[in-house]
Amino acid sequence: MKRTIVWFRRDLRLCDHAPLARAVARGAVIPVFILDRALLHHPETGVARVAFMLDCLRSLDADLRSVGGRLIIRSGDPVAVLPELIRSTQADGIYSYIDYERIYGRVRDARLNQALDAAGMRVRWFEPTAATGALMPYPDYRQLWYREMSEALIPAPPTLEVPEDVVSDGIPTLAELGLLIDQKTIPTGGTQAARKLLQEFLTEKTDRYYWQLSIPSAEATSALSPYIKFGVISVRECFQVAQHQLKGAQDKRVQLSLKQFISRLRWGSGFAQRFRYLPQLELRSLYPICDESGWAFDEAMYAAWQNGETGFPIIDAAARCLQETGGWLSLNFRTRAIYASFLSNLLGIDWRYGALHFMRHLIDGDCPIDHYQWAMQAGVTHCIDKSWTRIYNPEQTAVDRCDPEGLFIQKWVPELAQLKPAELGLPQLAKGYPKPILNYKAARQTRVQQLEQQRQSFRRQRDIVPFLARMPESIVPFGADRFNSEIRWAETDQPAMFPPPLALDDLTLAQSQALRTWLVAHVNVNPRTKPPHSSSGKPPRAKRQPKPKPHPDGTQLNLLLED
Ligand SMILES: Cc1cc2nc3c(=O)[nH]c(=O)nc-3n(C[C@H](O)[C@H](O)[C@H](O)COP(=O)(O)OP(=O)(O)OC[C@H]3O[C@@H](n4cnc5c(N)ncnc54)[C@H](O)[C@@H]3O)c2cc1C
């Protein structure tokens, strides 16, 4: 009987899994997950995220057992482990999805390709859904995304045979991996838990999601991000379940919410695709000039921002919530954005310090989304034709729009529990609470001038390629000097990567223009004059529905842009 190794990485599920389905159709399967030191001890590793992943592995093992199989666990460098596994199991080769989340994985997979090639062994890489190796304009990618998301889900195999002679290590504990857990509560891992959350979202939250997704205390979002990050549920499954509800939805509130949810799923895929093209964005800003001129660094200010001691309640609440919960459920997009913008724009600290801190704490930490969002909030990528500067006012404006009843702030900053919501913007003399560490207006002005100056050089250029960052000479991850890490893999100059990045210097003008469409805004940006929700944070009642806006992406992006 033919034997195929299925190498699981960020796709810890049975349903909608092309490599697994194809391997089962061939014969016996060896479903393997490799605990890789380079990932477990990367500077951006979040221990809570590893804990969540271990739970997802336990669940994957149980799911495999329910169809007659089991998960095979190995530890070590996949470049050594996999050829050895092929040899010892007499498998024909490996099936796996292409992975382009970060540079490490691409270097690892290029080395694996070479090692297998040298040994005459085979691997077959599968393109993930809505991913492409081709350079296409963003509007075309948008179509590709909807097309592939609408294709039938690949059913989970009803039965599966894992050869009895293949032994497995146990799924380790964090302590066995040399990692120390902090106080965060870890959500239950696995596909069943993800499906339950999706159903709860559809039945309980879609009448208010659109209006409340920026209000952290409302917990109106799906909380699916850690599950999507580890591929415990496929984005296609989330899309199709949401799309199904959308087709039957009469209530305009539900329609708006579901369209917004689907857009956000698409944004996530889009960030991954940008990294597919430009993996250097993991390490640097899109335009080198933004890294070369102007970042400040002050250890005490960085610590105040990390620990929630800035004197700006919304920032301090976000800081403490991140450290205590890992952001899951409680730290929504808008709150993350305000918190991020404060570090890079108002404190003037390099966004990479912020992205590093997020990745070390977020349970849903995902390098392309996190790094690209950080760079966007810092104003160093995207939107090159517009003066689109995301400097959020962290004072009363933020409280009124994101925490109108003050519930989030009072939960995380108990020193301020006695204050009214209208006093939470910039509390004067609250006992035991720090004074503001900066002057918002002055800091904002400095940053606006700096960004304007930096953008002059590349704004409205027909060919932007000469202005884009190349892969840096050193691929040592940011933060390796601050945290004990396993980075030997990065100590080679310009190693091969699989999949390869865009060869910027070989692009034609037409290709350069296609790339440019990924780096500009596709919506009109007009600041809102009124918040999209009542001060109580409740959605409008069904009778008084707002008219659907022509482009919900655009309206949602605009909150807080004005002073
Ligand atoms: C500075 C910053 C860093 C971020 N880092 C991460 C990160 O590391 N991992 C992560 O998954 N999200 C990140 N986000 C995006 C967003 O905040 C989270 O996806 C969202 O809060 C997750 O909660 P949810 O699953 O309940 O969201 P929902 O609103 O229910 O969204 C459903 C799914 O859509 C995707 N999604 C939602 N919002 C966005 C967005 N703005 N950009 C891209 N995809 C989105 C996610 O996969 C999410 O799970 C970041 C945002 C900012 C501003």
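What follows is a working chat about this predicted model.

Q: Before we dig in, what kind of model is this and how are residues numbered?
A: Residues are numbered from 1 along each chain as its sequence is written. It's a predicted model, where local features need pLDDT of at least 70, side-chain atom pairs count only at pLDDT 80 or more, and totals for chains, interfaces and linings use all residues.

Q: OK, how is the protein chain divided into domains?
A: Into domain 1 (3-126), domain 2 (191-277 + 524-557) and domain 3 (280-487). Those bounds come from an automatic or database domain assignment.

Q: How many residues of domain 1 are in contact with domain 2?
A: Twelve, and they meet twelve residues of domain 2. In contact means that the C-beta atoms, placed from the backbone, lie within 7 Å.

Q: And how do the residues on the domain 1 side divide?
A: Six are nonpolar, one is polar and five are charged. Here Ala, Val, Leu, Ile, Met, Phe, Trp, Tyr, Cys and Pro count as nonpolar, Asp, Glu, Lys and Arg as charged, and the others, Gly among them, as polar.

Q: What does strand 1 pair with, and over how many bridges?
A: Strand 1 (residues 3-8) pairs with strand 4 (residues 93-97) in the parallel sense over three bridges, with Ile 94 as the bridge partner of Ile 5. Strand 1 also pairs with strand 2 (residues 28-35), again parallel, over six bridges, and there Phe 8 has Phe 33 as its bridge partner.

Q: Is strand 1 buried or exposed?
A: Six of its six residues are buried, so strand 1 is largely enclosed by the rest of the structure. Buried means 20 or more other C-beta atoms within 10 Å of a residue's own, exposed means 12 or fewer, and partly exposed is in between, with C-beta atoms placed from the backbone.

Q: Which residues sit on each side of strand 1?
A: Arg 3, Ile 5 and Trp 7 are on one side, with Thr 4, Val 6 and Phe 8 on the other.

Q: New topic: what does UniProt list for "binding site"?
A: The unreviewed entry lists ten positions by name: Tyr 209, Thr 221, Ser 222, Ala 223, Leu 224, Ser 225, Phe 261, Asp 364, Gly 365 and Asp 366. They're spread over 158 residues of sequence and also in space, up to 22.6 Å between C-alpha atoms. UniProt positions are in the numbering used here, feature names are shortened, and annotations may be inferred rather than shown by experiment.

Q: Where does Ser 222 lie, and what does Ser 222 touch?
A: Ser 222 is in the loop between helix 8 (209-212) and helix 9 (225-229). Not counting residues up to four places away in sequence, Ser 222 touches Leu 197, Leu 198, Phe 201 and Phe 261.

Q: And why does Asp 364 count as buried?
A: Because Asp 364 has 24 C-beta neighbours inside 10 Å. Asp 364 is in the loop between helix 16 (351-361) and helix 17 (367-378).

Note on methods. Helices (H or I, at least four residues) and strands (E, at least two) are DSSP runs, numbered from the N terminus. Two residues are in contact if their C-beta atoms, placed from the backbone, lie within 7 Å. Two strands pair if DSSP finds at least two bridges between them.
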